[in-house]
Amino acid sequence: KQWYQRRVVITAGDLANVRFGRQCVIGAKSVIRPPFKKFTKGVAFFPFQMGDNVMIGEGSVVNAASIGSYVNIGKNVVIGRRSVIKECSAIADDSFLPPETVVPPFTMWAGNPAKIVAELPESTQDIMVDLTRSYFDHFIGR
């Protein structure tokens, strides 16, 4: 398995299971935390899973229930709690995805609040594989 965190990234794996797929790229200053639900007697955290070949841009905050494979999340994006992002989808830079949103496959979302703005081509999977693989092929460790 390969996954790559560029510079400082906060992954709150101490709260619940956080699983990353292969060849995921997480941008600097991003925060990945598992979804949670507030109850009268406290807070419960749930496992978070990310598929393969996912790219998350710098400064993004992800509080999703799950992210499928071949997903591109732009810079400075906020993913609301317990959202589900299906495979082969994208969220544009500077977008806010409201809590509990389900993002269907092959859709592009943008805005605040984010809405569907375009459909993605069937080649999205191949594009994301090439994009994330190029990061690992050109990675220079420090």
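This is a short chat about how to read a predicted model of one protein.

Reader: What should I know before I start?

Author: The model is predicted, so local features need pLDDT of at least 70 and side-chain atom pairs count only at pLDDT 80 or more, while totals for chains, interfaces and linings use all residues. Residues are numbered from 1 along each chain as its sequence is written, and side-chain values use heavy atoms, with hydrogens and water left out.

Reader: How many helices and strands does the protein have?

Author: Helices (H or I, at least four residues) and strands (E, at least two) are DSSP runs, numbered from the N terminus. Here you get one helix and 19 strands.

Reader: How do strands make a sheet, and what is the order of the five strands in the open sheet?

Author: Strands pair through backbone hydrogen bonds, either parallel or antiparallel. Two strands count as paired if DSSP finds at least two bridges between them. In this model, the order is β3-β8-β11-β14-β17, with parallel pairing. At the edges stand β3 and β17 (102–103), each with a single partner strand, so one side of each has no neighbour in the sheet. Two bridges join β3 to β8 (residues 48–50), and Arg19 has Gln49 in β8 as its bridge partner.

Reader: Which way do β18 and β19 run, parallel or antiparallel?

Author: Antiparallel: five bridges join β18 (residues 107–111) to β19 (residues 114–119). A hairpin links β18 to β19 through two residues, and Met108 sits opposite Ala118 in β19.

Reader: Now the helix. Which residues of α1 are buried?

Author: Buried means under 20% relative accessible area, exposed over 50%, and partly exposed in between (1.4 Å probe, protein chains only). In α1, the buried ones are Thr124, Met128, Val129, Thr132 and Phe136. Look down the axis of α1 and they fall within an arc of 130°, so they line one face of the helix; the arc is that of the directions from the helix axis to the C-beta atoms. Asp126, Asp130 and Asp137 are exposed on the other side of α1.

Reader: Where is Gln23 found, and is Gln23 buried or exposed?

Author: Look in the loop between β3 (18–19) and β4 (24–26). Gln23 counts as buried because its relative accessibility is 15%. Its side chain makes a polar contact of 3.4 Å with that of Asn53. Such a contact is a pair of N or O atoms within 3.5 Å; within protein, one must be able to donate a hydrogen and the other to accept it, and residues adjacent in sequence count only if both atoms are side-chain atoms.
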